[in-house]
Amino acid sequence: MPRLRLSAAEVTAIQARFATGESVAVVAASLGRSRQSLARIKGAMDRHQARRLDVKLNIRVTQGERAAFQAVADASGLTVSEAVRHLVKQASGLLVLQADELAGIAAARRELAAVGNNLNQLARLGASGKLKWNPGDMALVRKVADRVDEVSEGIVLLVSALGSHQALPIGAAVASVSGRIAPVEASR
């Protein structure tokens, strides 16, 4: 007979046990529940805790500074609190992007994928003898296609890290997109 859903009281009791440091396996075994269902509860707790804003920062500014900062926050579509968090992350060397910037990066990734597909098609046509190649053209197209794949993969990692609200050092963000190899140069 399948177990019924956990009641709100049971979930609260499970969360209290997790808060004391008990492991998912121990709590699951003691309740006769699957580890997967309790891992979802623990994961939700961890995500909530990671996004929780429990530190209050008090600063003093002039009326003019407050108005100027409010205008910048409004122009960016942010609350004052979000704008301050944005500045703190930037000052800490973390990459901070807004939703429209993330969408632009995702669109660039799709474009790069399309370019990569076109390059692969060219390489296949050249390998089959349907294109007239100069010596080294095939190798150059392969190098460019590999580079496009690397940059596209870096953008995927960047978007996924930022989309999950992880803090990402600016250096890691640049490295994920710029790649680890030198730019491709034509060899003629």
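**Helices, a salt bridge and confidence**

Visitor: What makes the length of helix α5 (residues 80–91) close to the expected one?

Guide: Helix α5 has 12 residues and reaches 16 Å from its first C-alpha to its last, close to the 16 Å expected at 1.5 Å a residue, where the expected span is 1.5 Å times one less than the number of residues. Helices here are DSSP runs (H or I, at least four residues), numbered from the N terminus. This is a predicted model, in which local features need pLDDT of at least 70 and side-chain atom pairs count only at pLDDT 80 or more. Residues are numbered from 1 along each chain, and side-chain values use heavy atoms, without hydrogens and water.

Visitor: Why are Glu22 and Arg17 said to meet in a salt bridge?

Guide: Their side chains are 2.9 Å apart, N to O, and a salt bridge is defined as a side-chain nitrogen of Lys or Arg within 4 Å of a carboxyl oxygen of Asp or Glu, so the pair qualifies. A search of the whole structure finds 1 salt bridge.

Visitor: Why does Glu22 count as partly exposed?

Guide: Glu22 has 26% relative accessibility, and partly exposed lies between buried (under 20% relative accessible area) and exposed (over 50%), with a 1.4 Å probe and protein chains only. Arg17, at 23%, therefore counts as partly exposed as well.

Visitor: How do you know where confidence is lowest in the chain?

Guide: By pLDDT, the predictor's confidence in each residue, from 0 to 100, helix α8 (residues 170–178) is lowest at a mean of 55, and helix α4 (residues 63–76) highest at 91.

Definitions and conventions: Helices (H or I, at least four residues) and strands (E, at least two) are DSSP runs, numbered from the N terminus.
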